[in-house]
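Student: I would like to go through this model with you. Could we start with the overall layout and then turn to the details?

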Amino acid sequence: MKRLAITLTVLFNIFLMSCSVEEEVIVPDSYSSTIEDVTYSQLDYDIIELINNYRISNGLSSLDILNEASKEANNHNHYMVNQGAPSHDYFYLRSQNLKQAVNAKTVSENVGYGFSNAQSLVNAWLNSQGHRENIENPEVTNIGISTKQDAEGKNYFTNIFVKL
């Protein structure tokens, strides 16, 4: 049983990452925000509902969907699918784009890979300190979400938290 718990912990750390630290990076020309229209899947809505229910149950306010943040999340998911791996590559660019576009005060993000339903993804994020801290941040006001599948049907998730 202990071995299973350790294995699951390692897998969560491999497949999930959270990010809230800004870093300066050189951005290749191939990475640019080109997504204009935002559409949401039922899975996206389910993830937001679970996050908001969790926040409310802990005395925090619910988060409103912010289309600009979802555009950044969507663009990043396309990038991750093309790379074939979850990452926080170019987080600083997404953060800067939101600071310029909507006057965001702070930006953080959770990414994930491979989960087939909202409950398993949100549970994994809540069992990871960095992800949970992003979800539980009392200053956050808005959320952006994107879920994309690769050619093999594996889901990639980007969830962006914004304080306006």
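Predicted model: local features only at pLDDT ≥ 70, side-chain atom pairs only at ≥ 80, totals over all residues.

Student: What percentage of the residues count as buried?

Tutor: Of the 164 residues, 43% count as buried. As for contacts with a separation of 6 or more, 75% are between residues 24 or more positions apart.

Student: On to the helix pairs. At what angle do helix 2 and helix 5 pack?

Tutor: Helix 2 (residues 42-57) and helix 5 (residues 118-126) pack at about 40°, and their axes are 9 Å apart. The two helices are therefore oblique to each other, and their crossing is right-handed.

Student: Which residues meet there?

Tutor: Helix 2 contributes L43, D46, I47, L50, I51 and Y54, which meet A118, Q119, L121, V122, W125 and L126 of helix 5. By class, the residues of this contact are ten nonpolar, one polar and one charged.

Student: Which residues of helix 5 are buried?

Tutor: Those are A118, L121, V122, A124, W125 and L126.

Student: And what caps the N-terminal end of helix 5?

Tutor: N117 does, with a side-chain oxygen 3.2 Å from the backbone nitrogen of Q119.

Student: Now the other pair. How do helix 3 and helix 4 cross?

Tutor: Their axes come within 10 Å and cross at roughly 155°. That makes helix 3 roughly antiparallel to helix 4, and this crossing is right-handed.

Student: What meets what in that pair?

Tutor: From helix 3, E68, A69, E72 and H76 meet R94, N97, L98, A101 and V102 of helix 4. This contact divides into four nonpolar, two polar and three charged residues.

Student: Staying with helix 3, is A73 buried or exposed?

Tutor: A73, which is found in helix 3 (residues 67-83), is buried because its relative accessible area is 0%. Leaving aside residues up to four places away in sequence, A73 touches I145, S146, T158 and I160.

Student: How far is the C-alpha atom of A73 from that of E109?

Tutor: The two C-alpha atoms are separated by 8.8 Å, although A73 and E109 are 36 residues apart along the chain.

Student: Where is E109, and what does its side chain join?

Tutor: E109 is in strand 3 (residues 106-113). A relative accessible area of 0% makes E109 buried, and a polar contact of 2.6 Å joins its side chain to that of H88.

Student: Last topic: backbone angles. What is phi at Y90 and at N103?

Tutor: Phi of Y90 is near 65°, and phi of N103 is near 60°. Both values are positive in residues other than glycine. In general, most residues other than glycine have a negative phi.

Student: Where do the two sit, and are they buried or exposed?

Tutor: Y90 lies in the loop between helix 3 and helix 4, and its relative accessibility of 14% is why Y90 counts as buried. N103 lies in the loop between helix 4 and strand 3, and at 48% relative accessibility N103 counts as partly exposed.

Note on methods: Residues numbered from 1 in each chain as written. Heavy atoms only, no water. Axes fitted to C-alpha atoms, helices over the stretch in contact; angles between N-to-C directions. Helix = DSSP H or I, 4+ residues; strand = E, 2+ residues; numbered from the N terminus. Parallel < 35°, antiparallel > 145°, perpendicular 65-115°, else oblique. Left-handed = near helix turned anticlockwise from the far one by under 90°. Contact = heavy atoms within 4.5 Å. Nonpolar A, V, L, I, M, F, W, Y, C, P; charged D, E, K, R; others polar. Buried < 20%, exposed > 50% of the residue type's maximum accessible area, 1.4 Å probe, protein only. Polar contact = N/O pair within 3.5 Å; in protein donor to acceptor, adjacent residues only side chain to side chain.
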